[in-house]
Amino acid sequence: MPKKTLNSKESKNTKSYFWQALVLTVIVFIIGIFLGIAYEGNRLEQINEYYVLSEISLMDALALSRLTDIDLNSGIMNCEVLIQANTNFADRIYSEALLLEKYEESGKLTEALRLAHTKYDLLRTILWLNVINIPEQCKRNVSIVVYLYEYDSEDLTKKAINRVWSRILYDLKRDVGNKIILIPIAVDSDLTSLDSLISRFNISSYPALIIDNEKVFLEIKSADELKKHLK
Amino acid sequence: MIELLTIVYLFYAFIGFYFLFLYGLVYIRNKNEIFSYPKTIKNYSLSIVVPCYNEEKSIGGTIESLLDLNYKNLKKIIIVDDCSTDNSFNIIKEYAKKYPRVMLLKTPKNTGKAAGAKNYGAKFVNTELIGFVDADSYPEKDSVKNMMGFFQNKNVAAVTASILVKEKEKFIERLQAVEYRIIAFTRKILGFIGAIYVTPGPLAIYRKNLFEKLKGFDEENLTEDIELTWHLLSKNYRVEMNLASQVYTVAPNNFKAWYKQRIRWNVGGIQTILKYKKIFAKRGILGSFVLPFFVFSWVLGILGAGILIYRGARRLLVHYLATKYSIAAQTAVLTLREINLAPNILIFFGTAFILMSLFYTLLALSYLKDKEFKKMGLFSVLMYSFVYVLAYPFILITSMYKYLKKKRSW
C-alpha cells in the first residue's frame with residue numbers, strides 16, 4: 001500500500017474542484033437542454049408534416065362538399081364518396097391526435113406542440129362544420145359523434161371521466177367502424193368558431209357528447225348504450 | 001412557458017449531476033491515494049473511551065478487539081458504564097481485573113446519552129490523543145495505528161476510519177452494509193477536499209487538548225459526533241479519514257431499530273444545523289460547503305417527498321376513479337394505447353443520473369469489498385439504489401416533526 005506525505009496532499013487546491021464540477025455540470029446541462037429542444041423540435045416537425053397532409057385531406061373533403069350540391073343530383077358523385085372522404089379524414093386526425101397527445105404529454109421544454117394541438121382542434125372544428133353541411137340524404141347510415149372535453153382540466157374526477165369516455169368511444173369506433181364519424185375536440189382551445197358552434201347546444205358541463213347534432217349526453221354508461229342512439 | 005414542475009425536476013437533476021461530477025473529479029485526481037495514509041513517525045500517547053449502556057452482548061468483543069490493537073502507545077482503554085441495567089458492568093469488571101490497561105468507570109447516574117458517558121470518561125484521560133469507540137464496534141488490529149500519521153499535520157484535529165457493518169445475515173443489515181460502504185467511500189472523497197462532516201462513534205480519535213478546549217461533546221445534541229466535527233471545522237481545523245482503517249459495527253437488525261436510529265441521526269442533524277446557522281455561506285469549508293450541503297439536502301429531500309406524495313396521490317386517485325368508472329362502463333381498465341413510452345428531456349437526464357449513480361455505487365463497493373460482500377449480491381445493491389434511498393425523504397419529514405415536537409431521545 002503506497003504511503004503518502006502530507007505535503008503533497010496539502011498542496012492540492014480544493015477550491016478548484018467545486019468550480020470545475022460547476023462548469024462541467026453547466027456544460028452538460030446546456031448540451032442536454034439543447035438536445036432536448038432539438039428532440040422535441042423533431043417531433044414537432046413530424047406532427048407538422050402530418051398536419052399538412054391532414055390539411056390537404058380536409059381541403060379535399062371541403063371541395064367534395066362544395067361539389068355535392070352540383071353533382072349529387074346529376075349522379076356524377078355519390079354519397080358514399082363524400083362520407084368516405086370525411087370518415088377517412090376524421091379517422092386520420094383521430095389517430096394523429098393520439099400521437100400528438102403522447103408527444104405533448106412528454107414534451108417539457110417547448111410550447112410548440114401545444115399550439116399544434118390547437119391547430120388540430122381547429123381542423124376538427126372545420127370537419128364538424130363540414131359534416132353538418134353534408135346533405136341529410138348522405139347521412140342516412142352514418143352518425144356524427146362529437147366528443148367535447150376539457151384538455152387542461154385539473155379536476156381529477158374529470159380527468160378520470162375523460163379517460164373512461166375516451167376508452168368507451170374507442171370501443172365504439174372499433175365496433176361500428178365507418179358507421180360513425182368520431183370527432184373529439186378540446187373545448188378549452190380558445191377558438192371563437194368552436195365556442196360559437198358549441199353555444200348552440202347549451203352544454204352546461206364537460207365532457208359532453210353530441211350525436212348527430214341533436215342528442216347531447218353529459219353522462220354515458222357504455223358503448224352498447226351509445227349504439228342505441230346511432231343510426 | 002416551461003412548467004414549474006419541470007423546472008424543479010431540472011434543478012434536482014442539476015444538483016445531482018453537480019455532486020456526481022464533484023465526487024468524480026475528486027476521485028479521478030486522487031484515485032491513487034484512496035487507501036494511502038501518512039506514515040506514523042511519532043508514537044502519540046492514546047487512550048480510548050468506550051461508552052456503554054446495556055451492551056452485555058457486545059462489550060466483551062469490543063474490549064477484546066481494543067486489546068488486540070497493534071498500536072504500542074495505547075495507554076488506557078476506559079470503559080464507561082452508564083449505569084447499565086443488564087450484565088454489562090460485571091463483564092467489564094472481569095476484563096478490568098484481568099487487563100491492567102482496561103479501566104472501568106461508572107457514571108454517578110445514567111446520563112441518557114452517549115455524549116454524557118463519553119465526556120465523563122474523557123475526564124480520566126491524560127494522553128495526547130483521545131479515541132472513542134462504541135460498545136458494539138470492533139476495530140481491526142491495525143486500524144488505530146494507521147490513523148496516527150495524520151496527526152503529524154498540526155492542523156488535523158481528528159481522524160476517523162471506515163465504518164462497516166459486522167452482521168450481514170438479515171436483509172436490512174445487508175442494505176446497510178451497502179450503504180455504509182458507500183458512505184465510507186464518499187467520506188474519503190470528501191476528505192480530499194477537507195469536508196468530512198462527521199467523526200462517527202464506532203471509531204474516532206481527537207487531539208486531547210482540542211477536545212478539552214472545545215469542552216468535549218455537546219450533551220444536548222443527539223449526534224454529538226457530528227456536532228463536535230462541525231465545531232472543529234468552524235475553528236478551521238482539519239478532519240481526516242483513513243479508508244484503510246476499518247471498524248466493524250453492529251447495525252440495526254430490524255426496521256424499528258433502524259427507523260429509530262435514523263430519526264435520531266436526523267434530529268441531531270437539525271440541532272447541529274441550527275446551532276451553526278450563523279456560519280452559513282461564510283468562509284471556510286463548514287460555511288461554504290458542509291452546512292449548505294446539509295441544508296439543501298434537507299430542503300430538497302422534503303420538497304422531493306412532498307412532490308412525490310402529491311403527484312403519486314393524484315395519479316392513484318385518477319387511476320382509482322378511472323378503473324371504477326371503466327368497470328361500470330364495461331370497458332377496458334387499461335389499454336396499451338394509453339401507455340406513453342415517448343421519452344423526454346427529464347427521462348434522459350434521469351436515466352443518465354441513475355446510470356452514473358449506479359456506477360458510483362459500484363465503484364464505491366469495489367473499493368471496500370470483502371469475501372462476505374460477495375454474498376450480498378446484486379439484489380441488495382439494486383434494492384439499496386432504487387428502494388432504500390427513497391425512504392430517506394420520509395425520514396427527514398418525520399425527523400422534522402419530532403424535532404418541532406421536541407421528541408428528542410435516544
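In chain B, 82% of the contacts between residues at least 6 apart in sequence join residues at least 24 apart. Two residues are in contact if their C-beta atoms, placed from the backbone, lie within 7 Å. This is a predicted model: local features need pLDDT of at least 70, side-chain atom pairs count only at pLDDT 80 or more, and totals for chains, interfaces and linings use all residues. Residues are numbered from 1 along each chain as its sequence is written, while chains are lettered from A and ligands numbered from 1 in the order in which they are written.

**Chain B**

Chain B holds 12 helices and eight strands. Helices (H or I, at least four residues) and strands (E, at least two) are DSSP runs, numbered from the N terminus. The C-alpha atoms of chain B fill a box of roughly 80 × 45 × 45 Å along the principal axes. For 410 residues, a compact globule would have a radius of gyration near 22 Å; chain B has 24 Å, which agrees. That radius is taken over C-alpha atoms, and the globule rule is 2.2 Å times the number of residues to the power 0.38.

Of the 410 residues in chain B, 44% count as buried. A residue is buried if 20 or more other C-beta atoms lie within 10 Å of its own, exposed if 12 or fewer, and partly exposed in between, with C-beta atoms placed from the backbone.

Strand β4 (residues 129-132) of chain B is one place to look. Leu129(B) and Gly131(B) point one way, Ile130(B) and Phe132(B) the other, and all are buried. In a regular strand the side chains alternate between the two faces of the sheet. Two strands pair if DSSP finds at least two bridges between them.

| Strands | Sense | Bridges |
|---|---|---|
| β1(B) and β4(B) | parallel | four bridges |
| β4(B) and β7(B) | antiparallel | four bridges |
| β3(A) and β4(A) | antiparallel | three bridges |

Gly131(B) has Ile48(B) as a bridge partner. Gly131(B) is also bridged to Ile205(B) in β7(B).

**Chain A**

Chain A has seven helices and four strands. From the N terminus, its elements run α-α-α-α-β-α-β-α-β-β-α. Of its 231 residues, 31% count as buried.

The four strands form an open sheet in the order β2-β1-β3-β4 (chain A), with mixed pairing. The edge strands are β2 (180-186) and β4 (215-217) of chain A, each pairing on one side only. Neighbouring strands of this sheet are turned by 15° against each other on average, direction ignored. Helix α5(A) lies across β1 (143-149) and β2 of chain A, at about 160° to β2(A). Axes are lines fitted to C-alpha atoms, for helices over the stretch in contact, and angles run from 0 to 180 degrees between N-to-C directions.

Buried residues of α4(A) include Tyr120(A), Leu123(A), Leu127(A) and Trp128(A).

**The contact between the chains**

How many residues does each chain give? The contact takes 40 residues from chain A and 43 residues from chain B. On the chain A side, α2 (14-71), α3 (79-106) and α5 (156-176) each give two or more residues. α2(A) gives the most, with 12 residues.
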